[in-house]
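Let's take a walk through a protein chain together. Have a look at the picture first, and then we'll go from the whole chain down to single residues.

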Amino acid sequence: MNLNEILARHLQWTNGDPAGECAELTGADLANVDLCHANLRGANLTRADLRLADLTGALLADAKMCRANLTRAEMSESIMRQVDLREADLRSANLRRADLTCARLYGADLTGADLTGADLRGADLRNAVLYGANLTNAVLFGANLTNVDLREADLRGIDLGASELRFALKNKPTYDR
């Protein structure tokens, strides 16, 4: 089955059609693929190669993306509520204004990622690497930032609210004074 057929059947599944089925894309090679505004809600993309993929505005809520390679992927304005991105590679990914509410980013590598204006309320970022990441105006209210590497991160205008921020590495972050 080709990718377009998988996406069509997945859309049927998300709409409750018994002829549809959840997209099973474990380990799939989707590098450089245009998935702009695709509906991948609840899809399994574990260990998928999504390097340089365009997921702008995609619906990825509840998707399983553990250990996926999303290096330099374009995911601005994507809806990723409760997405499972544990140990995913998101280096230099564009997540501007993405909705990552309650996302599981435990151990994810977000080195150099752009999270400007991203909504990370309630996200689990324990042991994540955000070295050099841009978190300008990001909302992190209630996020778990235990053991997060925030070195060289741009933290201007962030809303930490009641976030759990224990043992985070914060050498020379940029922030409002």
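## Contacts along the chain

First, a term we need: two residues are in contact when they have heavy atoms within 4.5 Å of each other. Keep in mind that this is a predicted model. Now take the contacts in the chain with a separation of 6 or more: residues 24 or more positions apart account for 4% of them.

## The overall picture

How many helices and strands does the chain have? It has one helix and zero strands. The helix, α1, covers residues 3-14.

What about size? The C-alpha atoms fill a box of roughly 55 × 25 × 20 Å along the principal axes. The radius of gyration is 16 Å, which agrees with the value near 16 Å for a compact globule, because that is what the rule gives for 177 residues. As for what's tucked away, buried residues make up 47% of the 177 residues.

## A hole inside

Searching the whole structure turns up one cavity of 30 Å³ or more. The largest cavity holds about 40 Å³ of space.

Which residues line it? They are Leu-85, Leu-95, Leu-100, Leu-105, Leu-110, Leu-115, Leu-120, Leu-125 and Leu-130. Sorted by type, the lining has nine nonpolar residues, no polar ones and no charged ones.

Ser-76 sits in the segment after α1. Is Ser-76 buried or exposed? Its relative accessible area is 10%, so Ser-76 counts as buried, since the cut-off for buried is under 20%. Leaving aside residues up to four places away in sequence, Ser-76 touches Thr-56, Gly-57, Asn-94, Leu-95 and Arg-96. One of these, Leu-95, is also part of the lining of the largest cavity.

Asp-154 is in the segment after α1 too. With a relative accessible area of 12%, Asp-154 is buried. The side chain of Asp-154 makes a polar contact with the side chain of Arg-156, at 2.4 Å.

## Two residues with positive phi

Ser-92 isn't a glycine, yet it has a positive phi of about 60°. You'll find Ser-92 in the segment after α1. Its relative accessibility is 42%, so Ser-92 counts as partly exposed.

Asn-147 is another residue other than glycine with a positive phi, near 60°. Asn-147 lies in the segment after α1. Why is Asn-147 called partly exposed? Because its relative accessible area is 37%, and partly exposed covers what falls between buried, under 20%, and exposed, over 50%.

Methods
Residues are numbered from 1 along each chain as its sequence is written. This is a predicted model: local features need pLDDT of at least 70, side-chain atom pairs count only at pLDDT 80 or more; totals for chains, interfaces and linings use all residues. Side-chain values use heavy atoms; hydrogens and water are left out. Helices (H or I, at least four residues) and strands (E, at least two) are DSSP runs, numbered from the N terminus. Buried means under 20% relative accessible area, exposed over 50%, partly exposed in between (1.4 Å probe, protein chains only). A polar contact is a pair of N or O atoms within 3.5 Å; within protein, one must be able to donate a hydrogen and the other to accept it, and residues adjacent in sequence count only if both atoms are side-chain atoms. On a 1 Å grid over the protein atoms alone, a cavity is a set of points where a 1.4 Å probe fits but cannot get out, and a pocket is an open set with protein on both sides within 12 Å along at least five of seven lines; lining residues have an atom within 4 Å of a point. Grid points are joined across faces, edges and corners, and a volume is the space filled by probe spheres set on the points. Ala, Val, Leu, Ile, Met, Phe, Trp, Tyr, Cys and Pro count as nonpolar, Asp, Glu, Lys and Arg as charged, and the others, Gly among them, as polar. The radius of gyration is taken over C-alpha atoms; the globule rule is 2.2 Å times the number of residues to the power 0.38.
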